[in-house]
Amino acid sequence: MTPEELTLNVEKALEEIRPFLNSDGGDIALVSIEDSKHVKVRLEGACTSCSVSQMTMRAGVETTIKKYAPQIETVVNVA
């Protein structure tokens with residue numbers, strides 16, 4: 001998968017997740033993809049102070065990104 005295809009797939013994953021985050025007053029943005037294996041995202045809005053944001057990252061964001069781009073090894077939230 002080319003870097004462009006990888007970025008597109010990660011963006012598709014974020015588009016799938018975004019409605020759930022929006023419904024709670026939050027959002028998510030892609031910050032970077034490093035070495036075609038590590039994704040950095042930024043939780044925004046209500047998600048920045050949500051007590052379950054770590055669970056959202058693991059159960060929702062990371063799982064969905066890996067569904068679209070299986071080569072991704074880590075997904076982290078950067079402030």
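## Terms and model

Two strands pair if DSSP finds at least two bridges between them. Helices (H or I, at least four residues) and strands (E, at least two) are DSSP runs, numbered from the N terminus.

This is a predicted model, in which local features need pLDDT of at least 70 and side-chain atom pairs count only at pLDDT 80 or more, while totals for chains, interfaces and linings use all residues. Residues are numbered from 1 along each chain as its sequence is written, and side-chain values use heavy atoms, with hydrogens and water left out.

## Fold

The protein has two helices and three strands, in the order α-β-β-α-β from the N terminus.

Strands β2 and β3 (residues 74-77) run parallel and are joined by four bridges. Histidine 38 has threonine 74 in β3 as its bridge partner. Between β2 and β3 the chain passes through α2, and this β-α-β crossover is right-handed (with the strands pointing away from the viewer, the path from the first strand over the helix to the second runs clockwise).

## Core

The largest nonpolar core has 17 residues, of which Ile65 and Val75 touch the most other members. Such a core is a set of buried Ala, Val, Leu, Ile, Met, Phe, Trp, Tyr and Cys residues joined through side-chain atoms within 4.5 Å; buried means under 20% relative accessible area (1.4 Å probe, protein chains only). Two or more residues of this core come from each of α1 (3-23), β2 (38-45) and α2 (53-68). Helix α1 gives the largest share, six residues.

Leaving aside neighbours within four places in sequence, isoleucine 65 is in contact (heavy atoms within 4.5 Å) with Val10, Ala13, Leu14, Val39, Ile72 and Val75.

Notes:
Buried means under 20% relative accessible area, exposed over 50%, partly exposed in between (1.4 Å probe, protein chains only).
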